[in-house]
Amino acid sequence: MLDEDILGEAVSRRTMLSSVSGVALSTIIAPSVGARDRTPVEADEVLSSFNGDTVPSVSLTPRPAEPERRRSLNGEWEFTERAGTDIPETDDWGSEDVPGQWRWDEVLEDESEWYPPDDASGWYRRTFTIPSSWDGDRLKLRFGAVYSQATVWINETEVGEHTGGYTPFEIDITDEVSIGSDNTVTVAVSHRSVADDLSWQNVTGGITRDVTLYSVPSAFVSRFHVDTELHDDGTATVYAETTVSNDGGETVENPVVDLGLTNPDGEHAGSTERELEPLESGESRTAVLEIPVSDPVTWNPEQPRLYDIECTLAAGDQQTNLEKRVGIRQLTVVGNELRLNGTALTLRGINWEEIHIPEHGHAVPEELTRRDAERLRKANINFVRTAHHPTSEAFLEACDELGIVVEVEAPHMFVGRGRPDPEYDLVLQQTAEMVERDRSRTSVCLWSIANESEWYQAFEDAATLIRELDPTRPTIFHYDVYDEGQPWEEHVDIDSHHYPAKRVDSTVDQFEDHDDPIMFGEYAHLYCYNDQELVTDPGLRDEWGRLFDEIWEQCRSVEACMGAAIWAGGDHLEQWGDYLWGIVDRHRRPRPEYWHVKKTYSPVKLATTEWVDDDESVQLTIENRYEFINLSDRRLEWEHAEGEGVVDADIEPGERGEVVIPAENADEVTVRACHPDGFTITSFGLHREEPESERTNETGGGPPDGAGSVFEADGAVRAETPTHALSVDCRSGELAVGSGGNDSVVSGALELAATPIQSDTGRAYDEAIDYRLEERTVDDVRIGDDGETIVTEVSYETATGEFVIHPLSGGIEIEYDFTLEESLSLREVGLSLPVTDDHTTLSWTRDGHWSTYPADHIGRLSGTASAFPTGGRPDDDTKRLDPDQPWKDDATIRGSNDFRSTKRNVLAADLRSDDEDGVTILSEGDQHVRCQVRDDAVDVLVLDRSLSGSSADWMDRYPVLDQEPELESGTQLSGSARFQVTGSRAGDLPAMD
């Protein structure tokens, strides 16, 4: 088989990672990342040092732990859309959900509605009541995000404004509310703003994240950040940077901060307390408290173990309680490696944009966000680059718990490259808000300053700002093309390059001797821009998905490559239209690429397989690509017709080891590596012998029995065999194949399949590409010189040649031989066989890239596909996404995704009607079959050339597989197809189950 589950003998450098584990952490901390100076640093103080007082301060009060101190203002708000800057005086208020985006439904119907007309704002309003128990407290109104500019009124008094669509802001509303009675909050939301200019412009206007009201005592914890440090003696320290503020009118005498730490098993792990100096009214004081941990349980992506830390502030007769979950871990940059807890990381990544189309847009509910993170982890993804803005807190919480490393990216996109120059203050403000919100998140291990933008002083200062606020995490500036000496190199810790295997004049191995860690933040792109090709052949998603494996192995071989991320996790919508580029679609259905990502990123790899002990058992060599755990921490299950069981795989991280599975009398064995949380990490299909087609691959050689079986009659050249009757019309060249006395199964003109590439990319997904060349002319139909074949000479505008039909004792073989009259760029070359239009069920067996596939995957090794599984035939080529069925069943006028996708490396492909009559294509695993429904026939394309797809206009895909689409004038296009008419029309030919 073409099973690339089986690896070569070479072991990646990751095998040797454990050899450096004994190096003291204190000796390998890079100057910019590692153990930090514990001098307290506050975001607003750092911001003011950059640009005087013009940069807004950042203050995000920690939410109190007590539920009675918090109130969600999510839900249905009154809403109207109006121009102007004053609160509308109108009774014409409708309603909108918060979180949510107004005009979302209109945008889904027509992207031209992306921006409101006349720069109108969305006006949100709701009433709320302050509990009497909150009297005397400070009241904080927190917005998780508003896109993209907000002005806030309380009881018709303006209390604050904010620009920036993905980061949180907070307003103290204590002096504007009435206790015990109704209050009104009004928010004017402008879709257009400077923040929108600098971002991806992928969100419509709205209050897109949670709105929360909470109370704190007048003396309260105004900042609370936690980070951890590992020591070379095996201990750790948890640091809590705690700021206490006094917003009351009197001095607070000796406030006391108390910390308690609980380990992942719920046991007490340490505590400390600190008595602070008295706080005058309006004064704040910051202290860093330390909790030593003698035997720490560390956090890593494979064992995401979290501690609970509780903070209590006692200030006079007032008390504040706070809670956080934190993992004990440490990041260091050492040479050209990023290390977590002393171990070099290999980040198996995806670019993930938190969007849910069509229901929620960017206002994704927490429960869906959690399922998204779980879905990514089940695909063996251990790294998410948040593209291209900070994601929600709910998503990061899920990543903390599930073990997904996150790079949080600031919302600065294409700045200076079709977008305006950066607004200095806004860049620093949004950067500070990002760090302030997420700097205690364990899963957050990398800060990104911007995506594919030009370098400005604002970005240089943003890098400095991040290092001041949080020196424990490295930074990256995602530029698309790495070039030594770029101006940002000295300001960030990680280098960047996008699409190293696909970009013109770029290869992965050019970074082999790179001195610094490099992240291929986008290294493989889903096949999405060639819309016509995908409408024609959805199998390109399956074919292109397998290339992730090839490029990923190249990335792993480069020592400096700390990780790489595929573009993209989910579908996308912006003002320029929608992009179908997700490994899951907008309804969260897995596309074919999802399985390829899961297999490519599997940390459990099958290196070799051998049947031993007189074939009574099978010996597997397994590679453990985990970096922190022994493979015995995962369950290795086997199953075959004679039984099932579990085998222990005691294999250290980065190593290979052997396991033996009993397989007496078993021809096929399935092996599954299972995660403790209940999902399958990967699976392998083992075969005692190479699988064979369920059909015979013989149609019978030589001429049919009986002399004179090829003859001319009634304006046609005819042939008869013991099982088939066929004729070719001398004028039209149309072929008819059946058996004596029965209707034809094959009926129509033979065609040279010569499918052009899509030279101009697009995203319309509403037009298929015709495989037929123009100006077809039948020049001659005759008996071949050998007297045993039928020759049809055909010319096209750009090619001339012939079809030669060989009637055989058990079937028919058709050869084609054409010469190009001019140069053409062709994706496909082969023979098209026309079958009558009632044949709309396709079955197949084939060799595949992987040894196992999901049952609903279009690339599965064997299966059956219906052209129209829901019954009706659509009336055009437009792509359809139906959430109520598997992705494979989505259909166009030419058939379902499953039916019309190319089945590569076929052994047999069988096209049948409801009454079980049909045609079987027989091959040796070196041809490909694609079917499509036409109004008067079903075409079966038997392909000898089937490229993996075309290039987009900004990347070169062909070198990855050493493919070249252009064929020069004079090139000979030749091949053959062998088939049988099957079922009741063909007697006792073998049948496929």
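**Exercise 1. Which residues of helix 10 and helix 11 meet?**

Step 1. Start with the contact, meaning heavy atoms within 4.5 Å: Phe548, Asp549 and Trp552 in helix 10 meet Glu593, His596, Val597 and Thr600 in helix 11. Helices here are DSSP runs (H or I, at least four residues), numbered from the N terminus.

Step 2. Sort by class: three nonpolar, two polar and two charged residues make up this contact. Ala, Val, Leu, Ile, Met, Phe, Trp, Tyr, Cys and Pro count as nonpolar, Asp, Glu, Lys and Arg as charged, and the others, Gly among them, as polar.

A word on the model: it is predicted, with local features needing pLDDT of at least 70 and side-chain atom pairs 80 or more, while totals for chains, interfaces and linings use all residues. Residues are numbered from 1 along each chain, and side-chain values use heavy atoms, leaving out hydrogens and water.

**Exercise 2. Find out why helix 10 is largely enclosed by the rest of the structure.**

Step 1. List the buried residues (under 20% relative accessible area, 1.4 Å probe, protein chains only): they are Leu547, Phe548, Asp549, Ile551, Trp552, Cys555 and Arg556.

Step 2. Helix 10 covers residues 547-556, and seven of its ten residues are buried, so the helix is largely enclosed.

**Exercise 3. Which residues does Ile566 touch?**

Step 1. Leaving out residues up to four places away in sequence, Ile566 touches Gly349, Ile350, Asn351, Tyr523, Ala524, Leu526, Phe548, Val597 and Tyr601.

Methods. Buried means under 20% relative accessible area, exposed over 50%, partly exposed in between (1.4 Å probe, protein chains only). Helices (H or I, at least four residues) and strands (E, at least two) are DSSP runs, numbered from the N terminus.
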